[in-house]
Amino acid sequence: MEKYLSQLNEAQLAPTIQKDGAMIVIAGAGSGKTRVLTFRIAYLMSQGVDSFNILALTFTNKAAKEMKGRIAEIVGSGEAKNLWMGTFHSVFAKILRFEGHHLGFPSNFTIYDTQDSQRLMGSIIKEMGLDKDVYKTKQVYSRISSYKNSLVTVKAYFKNPELMEADAMARRPKMGEIYAEYVDRCFKAGSMDFDDLLLRTNELLTRFPAVLAKYQDKFRYILVDEYQDTNHSQYLIVRALADRFQNICVVGDDAQSIYAFRGANINNILNFQKDYDDVKLYRLEQNYRSTKNIVNAANSVIEHNQTKLEKVVWTSNEEGPKVVVHRSLTDGDEGRFVASSIFENKMQHQMPNSDFAILYRTNAQSRAMEDALRKREIPYRIYGGLSFYQRKEIKDVLAYLRLVINPADEEALKRVINYPARGIGQTTIDRLMVAANGYKKTIFEVLKNIDKVDIKINGGTRNKLKDFATLIESFQVMNQTANAFDLAEYITKTTGLLKELNKDGTPEGVVKLENVEELLNGIKDFVEGQLELADASDSLAEFLEDVALATDMDSDKGDENHVALMTIHLAKGLEFSHVYIVGLEEDLFPSGMSMNTRSELEEERRLFYVALTRAEKQAYLTYALSRYRWGKLIDSDPSRFIEEIDEQYVENLTPIEERRINPMLSEDIFGDAPPNKIRFKKAVQPKLQKKSNKKEPENFKLSVPKKLKKVEKTAATAENTNLFDGELAVGNFVKHLRFGKGEVLKIDGKGGDIKAEIRFEVGGVKKLLLRFAKLKII
Ligand code: ATP
Ligand code: MG
């Protein structure tokens, strides 16, 4: 441990080794807050604190995983496994599995994602005969979400004339009724939405003192990262749990509070000292992430905020290049500049794609960037768009699995009762819902007892409904003994889902099919990681929970070499060598919707501060003089944030100078890719994106320096060794994404079912289906 503690500076060491008590670390970006949390956990364990008694809450599950990995390096992986670490949502979902029965929820409750919730609200609005242009589902959703995060239950809502009046003024007087019906339906469906995971935890801890005492006793040491962005509901949970032992360490930066629009309350950080006895306040001042120019530029911007805690941030890192500002004529030009600049940096400094990030204010801005990157054949990945698990074909398969675990799940049932088509129409479904409401039963129970139910449907339909219920029941039986992978594969076949996708035949259809295969692959992977689980049905339930709470960030395996594209909100806590902040225009960033009050504007400025401080070596700020927005070409002015940076840290790069500095950057060197190629790629983009890595365009090959060419080539060969059936032989050494290196001991089976027995360095002997195993011969 001593060896590790020497990797901290003095200011970092102090909160790391203060074993007991309440403490808050307030410090600027890149000063090692997350590092302190990580080392502190390792330190506590080295001091004899039981790993079962530690709870750490992070911003993403991926951050938790990385932290765990780092802790495992220090204290050994066995102990690190027992730590409770993750996002608020994933940790409290786990607790609700054990304790939800106190609130009337089954332990197998399903988790509704945003899409499920919005669909349910949509159908409630329809059933209530309300105008869907006034009651827009997205708005209704965010309204209900904000009630929940402020702990306004249905009961509390109807006791609050102010809220009711506000909704009436917004021409939505029936909000309360929708809210009540929505909560009721979720409850009946044995489902919780994201906000429920916090709301119900609060309810649990308030109404059941014994449960609270149990978890207070369990979590004797609590740590929270990014504390500035906790909302009221999260704040209360932490406070309740920490109340008994008061061993709580939170770290945060008020200058990086960027979730006020979702209810995050900066006062949580400001008031922390009042919440506990003897709070120790620590400050860190040295930034280890960025160059002097970046740190100073960021400091000079945040100076413009009136509401802030005084903080010093400095760095002993090199001065580095100045922050580059670049102006383009259009958003298309802006995209081309960014792609060219990335390309040039790659060539000149031999940097991997993963050193670059493009950050924007709104998701819609990614398109222009994508087009330009594709033309340059630069692999990229968009984070935070539709996550893999939210794609239609994936949600369809998952809906079947959810039904197996929890047949009360209304959204899952509605999704697949007639998919693939089995002749059950919307009218029938509507009648089923009416019957279910009338009998106070779930739709599935109505289906199972369809002969005893008073419902107007003909004999043919009745049989179809019975068949569907039997089908799901047969899956449930299978789930008692089979593992999640075998069950999922069986379901895709017997329901006709695969056939349906196969029939499609379009490039989009092929991608969907591949996605389903990828899902099965993921389940396989999961099952293999869960071999110790005795109860098969547990493995499915756990997989579904992981999936429901996976953010797009979490599916990143971290070993892929691509440029990252994401909104600034998502970039919190991350760092990249080179960062491009694009669309720095008035009305876009700062957002036109956030300029009505000083506090809104200040939140935008904090967002800009977060963006700028992600960069280690170089930051680029770009803007366009005109841009397509809502289908119209709109003129724009440069963002005020650019001007707010002290000019000594900025270099203005006009397009003309840019050409003078680097003649290589002019577009016509490469020419445009043939249009058909681009169109094809768009259609099947997710898969081909990776492949496009393999072959560089002709001109690239010509102009590439020898040394770099070699690197690119080896990378391409490694990509190509992805195995197909039959190529593998006993005695081969292979690499698996998850288990690492291994030796092939045995191969059997045929066709798509060839299995290999492999002895891995980590994890011992495993039997893998070659079709899914993604092995590489080494
Ligand atoms: P943010 O506010 O963006 O979340 P942070 O305060 O959590 O930043 P970290 O991510 O913990 O900062 O640290 C920033 C970078 O500096 C990381 O790469 C980290 O490994 C490195 N770092 C932190 N402290 C030290 C140190 N004492 N010596 C060397 N590197 C350090
Ligand atoms: Mg951090």
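**The cores**

Let's start inside. The largest nonpolar core has 127 residues. Within this core, Ile41, Ala56, Ile222 and Val397 have the most contacts. Helix α20, residues 392-405, gives the most to this core, with nine residues. As background, in soluble globular proteins nonpolar side chains tend to be buried together.

What does Ile41 touch, leaving out residues up to four places away in sequence? The partners are Ile54, Ala56, Ile71, Leu83 and Leu223.

**The whole chain**

Now step back. This is a predicted model. The protein chain has 778 residues, and buried residues make up 41% of them. There are 37 helices and 21 strands in the chain. Consider contacts between residues at least 6 apart in sequence: 75% of them join residues at least 24 apart.

How far does the predictor trust this? The average pLDDT of the protein chain is 85, and 86% of the residues score at least 70. One stretch needs care. Over residues 656-724 the pLDDT is below 50. In the model, that stretch has 52 contacts beyond near neighbours in sequence. Where pLDDT is low, the predicted coordinates should not be read in detail. For the complex, the predictor gives an ipTM of 0.99 and a pTM of 0.78.

**Around the ligand**

Next, ligand 1. There are 19 residues around ligand 1. Which come nearest? They are Gly32, Lys33, Thr34, Arg35 and Tyr288. Helix α3, residues 33-46, gives the most to this shell, with three residues. By class, the shell holds four nonpolar, ten polar and five charged residues.

First, α7, residues 114-127. Its end C-alpha atoms are 20 Å apart, which agrees with the span its 14 residues should have at 1.5 Å a residue. The buried residues here are Asp116, Ser117, Leu120, Met121, Ile124 and Ile125. Look at the spacing in that list. An α-helix has 3.6 residues a turn, so residues three or four places apart point the same way. What do the buried residues of α7 pack against? They pack against β4, α8, α11, β5 and α21. Just after α7, Gly129 takes a positive phi of about 70°.

Second, α12, residues 194-207. This helix has 14 residues and reaches 20 Å from its first C-alpha to its last, close to the 20 Å expected. Is α12 mostly covered or mostly open? Mostly covered: ten of its 14 residues are buried. The buried residues include Phe194, Asp195, Asp196 and Leu197. Also buried are Leu198, Leu199, Arg200, Thr201, Leu204 and Leu205. The cover includes the helices α6, α8, α11, α13 and α14, and the strand β5.

Now a single residue. Met369 lies in helix α19, residues 366-375. Why does Met369 count as buried? It has 24 C-beta neighbours inside 10 Å, and 20 or more is the cut-off. Leaving out residues up to four places away in sequence, Met369 touches Gly335, Val338, Ile358, Leu565 and Val582. Tyr380 is eleven residues from Met369 in sequence, and the two are 9.8 Å apart in space, C-alpha to C-alpha.

Glu377 sits in the loop between α19 and β11. This residue has a positive phi of about 55°, although it is not a glycine. Glu377 counts as partly exposed, with 17 C-beta neighbours inside 10 Å.

**Backbone details**

Arg171 is in the loop between α10 and α11. Arg171 is not a glycine, yet has a positive phi of about 65°.

Finally, the cis peptide bonds. One runs from Tyr419 to Pro420, with omega near -10°. Pro420 is found in the loop between α21 and α22. Another cis bond joins Phe589 and Pro590, with omega about 5°. Pro590 lies in the loop between β13 and α30.

That is the tour. Over to you.

Key: Residues numbered from 1 in each chain as written. Chains lettered and ligands numbered in written order. Predicted model: local features only at pLDDT ≥ 70, side-chain atom pairs only at ≥ 80, totals over all residues. Helix = DSSP H or I, 4+ residues; strand = E, 2+ residues; numbered from the N terminus. Expected span 1.5 Å × (residues − 1). Buried ≥ 20, exposed ≤ 12 C-beta atoms within 10 Å, placed from the backbone. Contact = placed C-beta atoms within 7 Å. Near = placed C-beta within 6 Å. Nonpolar A, V, L, I, M, F, W, Y, C, P; charged D, E, K, R; others polar. pLDDT = per-residue confidence, 0-100. Core = buried A, V, L, I, M, F, W, Y, C linked by C-beta atoms within 7 Å.
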